[in-house]
Amino acid sequence: MPKVIKKLVAPPKPVAPPIPPPTTEVLPKPKKGPPTPQTLRGMKDILPVDQKYWSLVRRKAEELADVYGFQRIDTPILEETALFVRGVGKATDMVEKEMFTFLDLGEESMTLRPEHTAPIARAFINHGMWNLPQPIRLFDWGPVFRHERPQAGRYRQFTQGGMELFGDRHPVIDAHLIHVAWSLLKEIGLEVLVQVNSIGDVASREVYKEKLLAYYRTKRSAICENCKKRLLKNPMRLLDCKEDGCVAIRAEAPQIVDHLNEESKNHFVRVLEYLDELQVPYQLNPHLVRGLDYYTHTVFEIVSADESDAAQAALAGGGRYDGLIETLGGPPTPACGFGWGIERIILKLKEKNVPVPELPMAEVYLAQLGEPARRRMLALFGQLRVEGIRVAENFSRDALKAQLEVANRLGVRFTLILGQKEVLDGTILIRDMDSGIQEIVDFKKVVPALKKKLAQPALPRGGAPVEPATLVAEEEKLLFEEAKLEPEEKIEEKEPEEKPKHKKA
Ligand code: HAM
């Protein structure tokens, strides 16, 4: 009855439309079924949360490559198996045990590259780079695959970045490359140490191998099973064994530096002098031989300063390989290079809590209310991107409150708000997220207006967070403006006045 009277007394007030719920989908729980496939052992996803580490290391590597004149090369991930058998060496652990090798349709043997050096040497020959003015400086970055027993810092797929320099045998090159490899690690905030050794030229090594074999033959019964095999196949690798018993025996083994011929000794001494000049901290490690057959003269690894002895400690490794190009069928070409192990570097950054810059975030958020506004914002996003402004949005959402909450969470400097009223007026709101101040600007002039604001230095983000209650009020205000309605408070204010009247009546 009172409602009828109300209708007779006054024409019905338009009722505010309900605030539309956010349209973000809530996804259902997965159904029970066969288990979801997992990543293979030793292989990892690199999630968005870790990308800032990757970005830091990659940018630094690219910057160094650029400054030192190393040009990027990318080789295929799959290569003929023969490339590694010939290049890296048949008797190396890498070729014997660690390669992902398969027959392509039962015909050709192929291998997922276990490293970049042999493929780059192949490319050097295939593309006649020896005809170009030397030296050739190349920079690489990409995944490599080794079928190793996975553990912390040892994966089956991992990323190597590296540099290779062809056509220069001067010892200054070795020191220069060690310096570049060390600089990246130092400059991203790690305390590292270079371990360096010389395995001499082929002639020095032949003499040394005989001495080494003579020594180890007397210890045969005391060494591990693996080392017994190394004794026959790859005696230099005896020095690499990490088994306690073998480490003790190694302590008394002849050292290669004592068996270098004049030329090899000379080369090594000069490398060390240049390292002194460059003030690169290094440690002579007479047992460092590296596992790959192509090395000659200088070999090095860079390790974290606090755990130089630990397994999987090497963050980078490399050396000179003057014979590789010839082994693969090219002309005699001296070469030197190194590879960084990117996952290990990132693990170390995390372990040491090294501060890493956040990835650039959006500066501006686009919030829209209603379909016409959505369409305009869709186009505006493109315009802003062309101007180099980083933008975030939730185009599929309708609730302004939810959008402003996202904008707040993202820490953008400005939010552009477009409701139906603004669409009709040809305007748009620019909200400064720090101060909360909103300015109405001509929609056509929003890009220059925003650029001007962004050019001003950002205030430290200390402003009070936008309270959801404020946002709700704003959202409602906008909605009412959109529908040209009065705010709900006014309707509510009138109703209590009318109700007593009806009661009295
Ligand atoms: P490498 O020492 O075998 O050298 O590998 C380089 C770096 O890759 C290592 O220092 C380490 O940081 C990382 N690494 C090696 N194995 C793994 C693994 N299983 N999981 C994660 N990281 C690993 C080479 O590959 C040579 N091609 C380097 C070179 C370039 N020599 C001359 N030029």
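Trainee: Where does arginine 290 lie?

Mentor: In this predicted model, arginine 290 lies in the loop between β8 and β9.

Trainee: And what is the phi of arginine 290, roughly?

Mentor: Phi is positive there, about 65°, although arginine 290 is not a glycine. Most residues other than glycine have a negative phi.

Trainee: Is arginine 290 buried or exposed?

Mentor: Arginine 290 is buried, because its relative accessible area of 17% is under the 20% cut-off.

Trainee: Which other residue has a positive phi although it is not a glycine?

Mentor: Glutamine 279 does, with a phi of about 55°. Glutamine 279 is found in the loop between α10 (262-278) and β8. Glutamine 279 is exposed, with a relative accessible area of 67%.

Trainee: Where is there a cis peptide bond?

Mentor: The bond from glutamine 134 to proline 135 is cis, with omega near 0°. Proline 135 belongs to the loop between α5 (117-126) and β5. Most peptide bonds are trans.

Trainee: Switching to rings. How many aromatic pairs are there in the whole structure?

Mentor: A search of the whole structure gives 8 aromatic pairs. One of them joins tyrosine 215 and tyrosine 216 edge-to-face, at 5.2 Å centre to centre and with 85° between the planes. Tyrosine 215 is buried at 15% relative accessible area, and tyrosine 216 is buried at 0%.

Trainee: What about tyrosine 294 and tyrosine 321, what kind of pair do they form?

Mentor: A tilted one, with the centres 5.4 Å apart and 55° between the planes. Tyrosine 294 sits in the loop between β8 (282-284) and β9 (296-304), and tyrosine 321 in the loop between β10 (314-320) and α11 (324-327), so the pair ties together parts that are 27 residues apart in sequence. Both tyrosine 294 and tyrosine 321 are buried.

Trainee: Which residues do ring pairs link into a cluster?

Mentor: The cluster consists of Phe124, Phe166, Tyr294, Tyr295 and Tyr321.

Trainee: And charges over rings, which residues are involved?

Mentor: Lysine 350 lies over the face of tyrosine 53, at 5.2 Å from the ring centre. Arginine 376 has its charged end over the ring of phenylalanine 443, 5.0 Å from the centre.

Trainee: OK, sheets. What is the strand order in the open sheet of 8 strands?

Mentor: The order is β1-β5-β6-β11-β10-β9-β7-β8, and the pairing is mixed. β1 (71-72) and β8 are at the edges with a single partner strand each, so one side of each is left without a neighbour in the sheet.

Trainee: How do β10 and β11 pair?

Mentor: They pair in the antiparallel sense over 5 bridges, with β11 covering residues 335-341. Glycine 319 stands opposite glycine 337 of β11.

Trainee: Which strands does α6 touch?

Mentor: Helix α6 (residues 171-187) packs on the sheet and touches β6, β7 (192-198), β9, β10 and β11. The direction of α6 makes about 15° with that of β11. Helix α2 (residues 51-68) lies across β1, β5 (136-145), β6 (157-166) and β11, and runs at about 160° to β5.

Trainee: And the open sheet of 3 strands, what is its order?

Mentor: It runs β2-β4-β3, with antiparallel pairing. β2 (78-80) and β3 (101-104) are the edge strands, each pairing on one side only. Direction ignored, neighbouring strands of this sheet are turned by 40° against each other on average. β3 and β4 (residues 108-112) are joined by 4 bridges, and leucine 103 stands opposite serine 109 in β4.

Trainee: Last topic, the core. Which residues touch the most other members of the largest nonpolar core?

Mentor: Met163, Tyr216, Trp340 and Ile345 do, in a core of 91 residues. α6 gives the most to this core, with 9 residues. Another core lies apart from it and has 21 residues, among them Ala373, Phe395, Leu416 and Ile430.

Trainee: Back to tyrosine 216. What is it in contact with, leaving aside neighbours within four places in sequence?

Mentor: Its contacts are Ile223, Leu231, Leu238, Leu239, Ile249, Arg250 and Ala253.

Trainee: And how many helices and strands does the protein have?

Mentor: The protein has 18 helices and 16 strands. Of its 505 residues, 48% are buried.

Notes: Residues are numbered from 1 along each chain as its sequence is written. This is a predicted model: local features need pLDDT of at least 70, side-chain atom pairs count only at pLDDT 80 or more; totals for chains, interfaces and linings use all residues. Side-chain values use heavy atoms; hydrogens and water are left out. Rings of Phe, Tyr and Trp (its six-membered ring) pair if their centres lie within 6.5 Å; planes under 30 degrees apart count as stacked, over 60 as edge-to-face and the rest as tilted. Buried means under 20% relative accessible area, exposed over 50%, partly exposed in between (1.4 Å probe, protein chains only). Helices (H or I, at least four residues) and strands (E, at least two) are DSSP runs, numbered from the N terminus. A charge sits over a ring if NZ of Lys or CZ of Arg is within 6 Å of the ring centre and within 35 degrees of the ring normal. Two strands pair if DSSP finds at least two bridges between them. Contact means heavy atoms within 4.5 Å. Axes are lines fitted to C-alpha atoms, for helices over the stretch in contact, and angles run from 0 to 180 degrees between N-to-C directions. A nonpolar core is a set of buried Ala, Val, Leu, Ile, Met, Phe, Trp, Tyr and Cys residues joined through side-chain atoms within 4.5 Å.
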